Amino acid sequence: MTNPNGRFGVHGGQYIPETLMNAVIELEKAYNYYKNDPEFNKELTELLNEYAGRPSRLYYAEKMTKDLGGAKIYLKREDLNHTGAHKINNVLGQALLAKKMGKTRLIAETGAGQHGVATATAAALLGMECVVFMGEEDTIRQALNVYRMRLLGSKVISVKSGTGTLKDAVSEAFREWTSRIDDTHYCLGSVMGPHPFPTIVRDFQAVISKEIKEQTLEKEGRLPDAVIACVGGGSNAIGSFYHFIDDKDVQLIGCEAAGKGIDTFETAATISTGRLGIFHGMKSYFCQDKYGQIAPVYSISAGLDYPGIGPEHAHLHDIGRAQYVPVTDEEAVCAFEYLSKTEGIIPAIESAHAVAYAMKLAPKMDKDKIIVITISGRGDKDCAAIARYRGEDIYE
Amino acid sequence: MSNIKSAFNNGKAFIPFITCGDPDLETTAACVRAAAENGADLIELGIPFSDPTAEGPVIQGANIRALNGGVTTDKIFDFVREIRKDIKIPMVFMTYSNVVFSYGSDKFISTCKEIGIDGIILPDLPFEEKEEFLPQCRKYGVDLISLIAPTSNDRIAMIAKEAEGFLYIVSSLGVTGTRSKITTDLSSIVDIVRQNTNIPCAIGFGISTPEQAKKMSDISDGAIIGSAIIKIIEKYGKDAPKYISQYVKEMKSAMN
């Protein structure tokens, strides 16, 4: 899907300050070398399997399937990975790559805190210094993850600029990288930013769809009819879609955070409400005003609270290969509660967006159809916030 | 070829950066006039952007104040049309790619030409992506200014060879903002630039004192001062123009 200039159709590119150009060129060279290096791949596979707990389970959600009365539902359990989310797949890859490149320090942005925790974890494991940038608003919403990062030996910087959310954490991480390149790798957490990040992160997350494919073939003897995942920047979604892109009969559905609704200003649904723009190093769709000022987006989910979408998703949308649907806070919270009660699985509020859409879709599909929902992370981190949403104040 | 070259005919060029609409466009107009009357050779006018990723806290603050004050690209175009009646020195816009792109690149750049803007500086548009706007810049005769950074190394010659207007040499790693020390070996960078182009080059990022401005312009053709000017505007607001006059005079005389 990637052409030599890091484009996905019209999307992608490298819209970054000159100061960072040699850093991304160096990264691309190193990645192109190590991705084909047997030793690197052996080390990474060992880390993914022995440390992160891969492959993750593809679990048949029988109660949910019966309750909804339609398509057979499988859950891809990325929540069972070490650190509780899909983020570790990418982080172990990038941290190992950074180490091979001679970098000694990782920086990262984080929204919900899952990518920050994963980066802090990899840094601890590989003996690297780590600094995580997190929007001030998110440090409050996700206080537990802030503590986890500190416990793992990382420094957490609360970002007060802008809206104090994920986009500002990304901006601040880029600013930091511009000031310290020699020993520092920016471990970007999603399929966004300048080339080669969208490709690198996708490749490291593609293990999800590789496993889904093998697992559905093994369990059902065929491919699923639909794969559903939540989309902020879109790393778990592209990971879930990637190996199915050429399988045209597999419907690919990304669930965006609609916040309070796509007809309100309190939304983060980029495909539904955004338009083509250039930001954070890439050309893609962004929520913005008529003068190109980036919109202060909103979602109950800190991980989906981002005004853009990865360039490969923008392209999959353009060519009609994947479909992107908005899911509101209320629908996501209901799905969060539903999956907890029905299957005994508390999903991350991000992943609950995908569950919510599957709850609408499954009953409309025949019983011989198969849906796979990627549960990108576990929901322990969200319990206090969801309790607050329901009017209950609990101590974390 | 635009008017930009003329900015370097009057000794070492002093290039102040001012964010349009901080705190309002009347103050910006008065600051631009104060700078022009006291020795500024070229003015960099900032069109604010919500998420200026190449800026430090000082210019970020100016962007926020300007946007909160309700300034827009259209209002800035009208403002330039107005000040162009009496400001004769070259003026360029400094903004982010999305501001140009979302306005419609052709419409934005043709308007620049129409209102007398000589060039555009986009810190998030490296050499590899300049085709995004270069065809329109060529079509209307607006220079797309290139930047060179301390990390550019083997890229300096490539960038310099195709540069237009003037070359913006970034003095230090990191974002904009005043610095007590500039440690980059800028003379070596300028040497490579000189071997590859005849267009002038000016150094920016981190310069605030007359001593720094002198040092930087001794090795190049001029100095770009952003955060130090913005700090004056931030401190004095509507009263800033008289302090800008004094500051520009002091800086320009230190440089020449």
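Arg194(B) is found in helix H8 (residues 186-196) of chain B, where helices (DSSP runs of H or I with at least four residues) and strands (runs of E with at least two) are numbered from the N terminus. The model is a predicted one, in which local features need pLDDT of at least 70 and side-chain atom pairs count only at pLDDT 80 or more, while totals for chains, interfaces and linings use all residues. Residues are numbered from 1 along each chain as its sequence is written, and chains are lettered from A and ligands numbered from 1 in the order in which they are written.

Arg194(B) counts as exposed because it has 12 C-beta neighbours inside 10 Å; a residue is exposed if 12 or fewer other C-beta atoms, placed from the backbone, lie within 10 Å of its own, buried if there are 20 or more, and partly exposed in between. The C-alpha atom of Arg194(B) is separated by 28 Å from that of Ser97(B), a residue 97 places away along the chain.

Elsewhere in chain B, helix H10 (residues 227-236) has buried residues at Ser227(B), Ala228(B), Ile229(B), Ile230(B), Ile232(B) and Ile233(B). The partners against which these buried residues of H10(B) pack are strand S1 (13-19), helix H1 (25-37), helix H2 (57-68), strand S8 (222-225) and helix H11 (240-255) of chain B. After H10(B) comes Gly237(B), with a positive phi near 55 degrees.

Most residues other than glycine have a negative phi, and most peptide bonds are trans. Against this background, Phe205(B), which is not a glycine, has a positive phi of about 85 degrees, and it is found in the loop between strand S7 (201-204) and helix H9 (210-219) of chain B. Phe205(B) counts as buried because 29 other C-beta atoms lie within 10 Å. In chain A, Thr83(A) likewise has a positive phi, near 75 degrees, and is found in the loop between strand S4 (72-77) and H4 of that chain; Thr83(A) is buried, with 25 other C-beta atoms within 10 Å. A cis peptide bond joins Arg54(A) to Pro55(A), with omega about -10 degrees, and Pro55(A) has its place in the loop between helix H2 (38-51) and strand S3 (58-60) of chain A. Another cis peptide bond, with omega about -5 degrees, joins Asp22(B) and Pro23(B), and Pro23(B) lies in the loop between S1 and H1 of chain B.

Chain A is assigned domain 1 (8-48 + 87-201) and domain 2 (53-84 + 206-389), the bounds coming from an automatic or database domain assignment. Taken over C-alpha atoms, the centres of these two domains of chain A are separated by 22 Å. In domain 1 of chain A, 39 residues are in contact with 39 residues of domain 2 of chain A, contact meaning that the C-beta atoms of two residues, placed from the backbone, lie within 7 Å. The largest share of the side of domain 1 that touches domain 2 in chain A, five residues, comes from S2(A).

Between the chains, 26 residues of chain A are in contact with 32 residues of chain B. On the side of chain A that touches chain B, S2, helix H1 (18-34), H8 and strand S11 (275-279) of chain A each supply at least two residues, and H8(A) gives the most, with six residues.
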